[in-house]
Structures are given as C-alpha cells and as structure tokens.
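Please read these notes with the model open beside them.

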Amino acid sequence: MVIGASLGGTEALRILLGGIRSALPVPIVAVVHQGPAVSRLDVVLGRASRSPVVWAEDGAEAEPGRVYLCPGRSTVRLEPDGTLTVRRSRGTSTGSVDELFSSAAVSHGPGVLAVVLTGTGRDGAVGCRSVRLAGGTVIAQDEATSAAFGMPSAVIEGGDASLVVPLGELPEVLDQVVGAGRPLPTPARRAAEAVFGAGGEMGSLMAAVDWSATTLGPVERWSPTLRTVLSMMLSHPIAMNLLWGRDRLQLYNDACINFMADYHPAALGRPMAQTWTEAAAGIETSLREVDITGEAALFEDQLFVLHRTGCPEEVYVTSCYSPVRDDGHVVAVLGTWVETTKQVLAHRRLTTLRRLAAIGITEGGTDARVCDVPFALVYLLDPAGSAYLAAATGLIESSPALLPVIDRSTASAWPLHATMVRGEPRLVDDLQARFPGLAAGPWPQPPDAALILPVGQSRHGEGPAATLIVGVSSHGVLDSAYRQFLDLVADQIGATLTASRARRDAHDRIKQLAELNRTKTEFFANVSHEFRTPLTLMLLPLEQLGAGPGLALPAEDARQVHRNTLRLLRLVNNLLSFAELEQSRVRPALEAVDDLAGLTADLASVFRSAMERAGLSFTVDCPPLGRPVQADPQMWETIVLNLVSNAFKHTFTGDVTVRLIARSGHAELVVADTGTGITEEEIPHLFTRFHRVQGAKARSREGSGIGLALVQQLVQLHHGSIRVRSTPGAGSTFTVWVPYNQNRVRKPAGAADRAELAEISARTRQAFAEEADQWLAGDALPAGIAEAAEPLGSAFPAPGTRSAVLVVDDNGDLRRYLRGLLADRYDIRTAADGAQALHVLAEHPADLVLADVMLPELDGLELIQRIRTDPALRATPVILLTALAAPESVMRALAAGAHDYIVKPFTARELIARIESQLALARLRAGRAK
C-alpha cells in the first residue's frame, strides 16, 4: 500500500494510521511533502499507529506490517524484489508521490493500493493513472475532510479514483479491504450493503445479483423509496413481497421463501406474471385496484396451491397489499402475507366432524368434506368374512373403486384383510395403479393414497363392525393433524352408523310417501283437465243436437266432436301404454326397419302445416342410414311425434329441426328448436312421470305430463338413451340414440295386423296434427283476438246495446265454440292466455270475463288479481271455467275474487244462465254506486 500527501498530510496520516485496528498484512510506504528537519514525523505517527513507523532506507526490504516514511527532499521507489530505493532529490520533493506510485504500479501491478490524502498541487495524479492502468486500486480523500483538495481533486478529475471517502471512514475501509481481504466498498457496494446488509439469506442473494443488468439498474441509482422499503422488508420477520413497477418485479424477504416454494430463487427480480403465474392470475385485479385507488386491500384466508414438498399443497394466506408511493404516485405494491393454513384446516375439519355427526357421511355436500375427504367408502362386515358396501361418497357410480362386495378369502383391489381381522389401519399409496382413471375430489390431480380404518366394534366383540376407506387429498400432507382428523372421522361414523341408517330409511319412506301423494294429486288434476275439456267440446254440440227434433249437427261441430274424440282416445292410449310400461308388461315388437329415415321424415311432416301457419322454419334432414335398424315402428312413431309436438308447443319464433344421423353403432335422432328453453334446475326432472315445468311459456297449458316420460321408457326398451341440452330463451335439443342391432327380432306382422297398425297410426298422426292446428286457432288475428260474430237474428239485443264478454281459453276449439254459442247475445272477443286478455281489456273493456283457470303465461287466478288491482277493471265480474272440481279449488278461486266458478263439462243453458246472472248483478251494483 502506498500513500501520498502534502499540506495537512501529517495530521491526515496520523488519523489514518491511528484508525487502523489491526496490523495490515502488507508494507505501507508513505510520501509526505515534509522532511525530518521540520518535525519528528516517525515519532508522531508511531505514537498513533499500531504498526511500527520507520524512515525508509535505501536497499531496505519492505516488510509487511511496517510503515515506511520517505525522508524529506528525497524520493522513494518500490522495486519488484520488494526493496526500497531512496534517492536525494534536487530541489523540492514535488513529484515524489508520482515516483512512488508509478514504481509500485510497475513492480506489483494489480496488487497495489494507492491512497491520496490532502495536499496542494497535482503530485500523484500521474502515478494514480499508472496504478489504474496496471489494474490497481486508488482511494482519494474527499473534499469535505481535506485541508487542501488539490492532490485528491486532480486524481478524481482524471477519473482514476476507485473510491472517494471521508478521512474518518478511510481506516475502516483499509481494515476491510487490506486487513480482511474484502472487496473495495465502492458506491455500488456500499449502497448494496446499506440495503441488503441485514437481509439474511435473501439479502446475500440480492447482494450477489448484478442489478445493473436488470431493468432496476445499479443499486446506487435506486430511488430512496425502493431502498428504504426493501431494507425494512428484508429485516422483517413477516413474509413480504415487494412488487415493483408495472411489471411487478418481485423482491421478497427470507420469510417469503416458504411461499415462493419451487419458484425460488428464479422469481427474484423477475415479473410475477412470468414466474408465479397461479398467484398473478388470482390477485392481479386486486393489485390494479391498489394502483388506481391508492388504498390497501386485505384478503383473509386466500387459497394458493404451492409445491413446497415436491407435490401440490393447498395453502391459505391472509394477505394485505399496500401501495408504495414515490413523489405522490403509487410505484409499487407491498404484499404482506401471514399463513393461516393450520387455522383454516382445523376449522374446516371441525366443521366436517360436526356436520358428519349431524347428517351422516352421504347427506349434504360440503366443500370441507370434499377437500379433506375426497371420497369415502363404508363397508359393513358380516361374521362370514365378507364386506358389503353400505355407503359411499365422492365417487361416480361407475368408478372402479366401488366394489359392492369384498370377500376376505379372495384377493381384492382393496386390501381389507388386516383391518377386517385384526382392526389394523393400513395406508394404500398406489390408487392410480390399482384403479386406473380414478377421479375424486375438487383438485385436477386425483388422490393417489387412501387410508383404511376400522370402524366401531362388531356385535361378537371380535374385529370391527365396519371399515372406512377414506381418500387422502392430493393437495394435503398426511401429517399427524391430518391423520388425527381421519381417525376422528372413523370414530364419528362408528358412533352414528346405526342411527344414520335408521334416519335415512325413515327419510326415504317419508319422501316416497310425499312424492307418491304429490304425483297422485298432480296426475288427477292434469288428467281431469285433459278429460273434461274435450268432453265439454263433445257434450255441448250433442246437447244442442238433442234440444229438438229435426236438428242436424253442423259440419264444423261434427269435426270438433271428432277431433276431441281422437284426443280422448290418444290420452287413454297413452295412459294405458304408460301403465303397462310401468308394470314391465310391454316389450317392443322389433323388426328390421329398412328405411327408418323415411319413416322419421314422414312422421315429422305431420307438423309441417302447423309449423308454416305459425311462421316457423321447419327443417327435416333425414338422409338414408344405409342399413336397417331393429325397432318397433309404433314405438318409434310415439317417440318422434311426442318430441316434435313438444318442440312446436314451446317454440314461437325461429325454427324447429329434425335430423336423423348414422353413427358407428347407433342411429341418432335430433329434435332441436329455438323455443323458450328449460332451466338447469328442471332438466333432471324432465323425464319424471306427471312432472310439468311450472311457468314455462307454451302454446297451451294442456297436457298430462307423461309424454316425455313415455318417450324415455320407449327409448330404454330399445336399449337406447336420450339426452337433453337446453338454454333458457335460446331453445332445446333432444337427442335419441338407438342401436342398429338388438339380437331379437319379431316375426313379420301379417296382412291383417299391418292393416290394423296402419289404421292406428293414421288416427294417431291425425290426432297430433289436429292438436297442433287447434293450438294456432285464432293466432292469425291481432294479439290472438277473434272479432265479435254478427248477430244471427233480431230476437237478441242489437249491436251497441249488448254486453261485451271476453272469452279466455288456451283451447282453440273451446274458444271457437263459445264464441259461436254466445255471439248471438253478446259482443264476443277472445284471448288465448292471461297476458293477451289484459291487452284486450286495456283496449276494449268488457262487461264480463269468462276465463279458464289453467292458462299459459298468466293463469286464471293471476288474471283475476291483475284485474282487481286495475282501478278501471276491478268491478268487472269474472267467471272461471275449470276442470278442477275439488272444493279447495273452488275456495281458492272465490278467495282470489272470482264471481262464479263453472266446472267442465257444463251445459250451454247453465253457462248462459250464469253469465246473465252475473251481468244483472253487475248492473245492479253499478246502479247502487251511482
């Protein structure tokens, strides 16, 4: 080490040597522009220095740990062999520092450390340049502590100073660099130490990073905010992750390493979106909110999936994301994380145990049970050594892990022997090998381990009463806490197994009775309506026919009677067919149908006229299948007609499509529409007998509720399947698959049988076609309103003096008949549903409303409520026509505000008498009000 100084150099050198705490392992050679005649410099410096201070002598070897002073008016050189050369100079000692530094640079190259202390002039500038060119290090005293700044300034201006420090810090620097062999504390290193010094593992890791090669730049150029926050964060015991800038560059402390898991240390200094993608996707929205609002965001028990032990693990964290501001702007977000996994899991598992105690293993799903117990199987053991599956949860019915019976004496995929005989728990850790494709639990990775536990005590006191097979979460660590929880699950099941079974049996019995009662009530109500309406339309014309001799039944009335007779016949046939199917007394009369496509297209064409009248696009795409299909033609007819009729009934705009597609092993029938659609909650019940979708928009409320149930059963008799996909407001698609071959074909029907079947088929098709047509009756008129018929004779009130009656019924035949029956006496308008009725009343107030109870859109009772809440209509008398004859139905109608209640079938005289009575009472009430 070489030192140069001038004015004030004696005091600076004394402070420097006195501040060095240990003997340095190198020789120190110093040049100060003063000679021994001026002062006893060696004595003065020797008192302050821990190392011996002597005058340099020519030819002396420079020994480590000693300080050599250049005599006055002399020059000293450090030779390559480690000796000193001292020569008397001519004149002043100016240039002696350059001489010393240059010789040291030549002799020892990068091993030279040159120190320039206070002094005037530029002596040392040339020597320092030589030292730097040789790879050595130059340290200059700063201006603030220099008595004269000429010499240090010349070195600094020349760009040769490796480090500029105050005189008071120089001894510590030499102790570290020369004494301890540490790197030179450059501004960059000093800045790094100030920020990373107390950072533990992450501080050391950050200090080793070349930040100048990153977007953050050199540490000494970092903003004070970044350095302050990072320094605080690195020394903090709570996990913190500083997300800096728009790229969310990650800077985290030691406590956060546990959260970074496999992403450490690659995540350091890199954007969060590039390394920790799962977390970035989940919290980016929250981070943007912090950026925009400048307000902290707190999230309790956030779920993260980490790979801390080599496998996925669910980890819960309570986190706070706070804004970091610089010059008033949010420049970063500081994430503070506290892991709450133990608390969350403990609470969740306790909740699971409470629910298990309350409702049993197979009742009511909870997220906690699914996460901690992805699946569970309970096998009851019998004395003979067999295990019977008594309860299961978390696995689909077709799962290979669901073994109904396990015999102790034979090998099984579930190794229950040790547990069944000795009550020993067993861990099975190769589920995917034992049951390929096993799927359970909420995570993408299925469980690969399960624990077999004994449950309870057998009646004979030997071995357990049951065994519990419980899946181990693929995102959980089977530690002592998890194992204790599973043991408690087994204990709880053992304590409640008998009670749970009895409770379930009682619940099932009650549910079955309630369902039986509900379906019975619904069935009789629907069938009553289905019978009474066509009976009314048959009895009324026949009543008029029998009113006097010589009267003939008009052609339209005869067709009406015929239509409703076919409707009754179809209803009776459907009921009989369904009853026989329910009792398994029907088998399909299969035959090889060579042209199923043609048959399907022919059946679909039954509805083409109605589709066109309704303004619907009707597409029938049934190309030949190229092979025969074994099917019962009559059953196939029922399937196709019911599905297309159902589509037409619920489609008001758009299109209906019927397709028949050849698949590899099946024929595929698709009936699609753009109708009202079906809600997701209703789809599971769609094929349930007597079930009707409440509130569904349809062309008519008529129907028994067995059409789709009948279709499903007929499809199943063909060993086929049916599926429905639907979106409310967008339409539904019914898809039927039937196999080509079924290995059982009947003998061809004889000529007489074929003729009978053809006649039945013709009547069935006619019934469907006429039903579809009557749904459209009156639809061509504005808003579904039929104009009032002209009076037929002068015996009745003249137009303008007659009462106005609004007839509301979704059955087109009944609307037409009642209009014809009453048009001679009243001004008649009609509506097909409650909503249309309100529209008519708004434009043409009526003196009386005659309405069916079961209406689409708005039923009769709801229509009354709307009328009673309208000040302009509330006095209008309402008579309800219905097939519901039960006393409670009558009471419900009268309570809703109906003035009268007529049960179908009724006579014409009864109807007219009741209408006249209500009109007379209305006039009387109006007169009193005036």
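1. How many of the 6 residues of strand S15 (residues 376-381) are buried? The count is 5 of the 6, so strand S15 is largely enclosed by the rest of the structure. Buried means under 20% relative accessible area, exposed means over 50%, and partly exposed lies in between (1.4 Å probe, protein chains only). Strands (E, at least two residues) and helices (H or I, at least four) are DSSP runs, numbered from the N terminus.

2. A word on the basis. This is a predicted model: local features need pLDDT of at least 70, side-chain atom pairs count only at pLDDT 80 or more, and totals for chains, interfaces and linings use all residues. Numbering starts from 1 along each chain as its sequence is written, and side-chain values use heavy atoms, with hydrogens and water left out.

3. Neighbours of S15. Strand S16 (residues 386-393) pairs with S15 in the antiparallel sense, over 6 bridges. Two strands pair if DSSP finds at least two bridges between them. Alanine 376 has threonine 393 as its bridge partner in S16. The hairpin of S15 and S16 has 4 residues between the strands. There, glycine 385 takes a positive phi near 100°. Strand S20 (residues 466-472) also runs antiparallel to S15, joined by 5 bridges. In S20, valine 470 stands opposite alanine 376.

4. Strand S25 (residues 666-673) deserves a look too. It is mostly covered, with 7 of its 8 residues buried. Strand S24 (residues 655-662) runs antiparallel to S25, and 7 bridges join them. Valine 656 has aspartate 673 of S25 as its bridge partner. S24 and S25 form a hairpin, with 3 residues between them. Strand S27 (residues 731-739) is likewise antiparallel to S25, joined by 7 bridges. Valine 738 in S27 stands opposite alanine 667.

5. Overall figures. The protein has 930 residues, and 48% of them count as buried. Its secondary structure comes to 28 helices and 32 strands. Among contacts with a separation of 6 or more, 64% come from residues 24 or more positions apart; contact means heavy atoms within 4.5 Å. The accessible surface is about 43,200 Å², and 53% of that belongs to carbon and sulfur atoms. Accessible areas come from the Shrake-Rupley method with a 1.4 Å probe; for residues, only the protein chains shown count as cover.

6. Aromatic pairs. The structure holds 10 of them. Rings of Phe, Tyr and Trp (its six-membered ring) pair if their centres lie within 6.5 Å; planes under 30 degrees apart count as stacked, over 60 as edge-to-face and the rest as tilted. One of the pairs is tryptophan 414 with phenylalanine 435, tilted, at 4.8 Å centre to centre and 40° between the planes. Tryptophan 414 is in the loop between strand S17 (405-407) and helix H15 (417-422), and phenylalanine 435 is in the loop between helix H16 (431-434) and strand S19 (449-455), so the pair ties together parts that are 21 residues apart in sequence. Both residues of this pair, tryptophan 414 and phenylalanine 435, are buried. Elsewhere, ring pairs link Phe196, Trp211 and Trp222 into a cluster.

7. A charge over a ring. The charged end of arginine 349 sits over the ring of tyrosine 482, 4.5 Å from its centre. The criterion is NZ of Lys or CZ of Arg within 6 Å of the ring centre and within 35 degrees of the ring normal.

8. Cysteines. There are 0 disulfides, a disulfide being a pair of cysteine sulfur atoms within 2.5 Å. Cysteine 70 counts as buried, at 4% relative accessibility. Cysteine 128 is buried as well, at 0%.

9. Backbone points to check by eye. Histidine 264 and proline 265 are joined by a cis peptide bond, with omega about 0°. Proline 265 is placed in the loop between helix H10 (257-260) and helix H11 (272-275). Aspartate 301 is not a glycine, yet it has a positive phi of about 55°. Aspartate 301 is found in strand S12 (residues 297-306) and counts as partly exposed, at 37% relative accessibility. Histidine 719, also not a glycine, has a positive phi of about 60°. Histidine 719 lies in the loop between helix H22 (707-717) and strand S26 (721-727). At 52% relative accessibility, histidine 719 counts as exposed.
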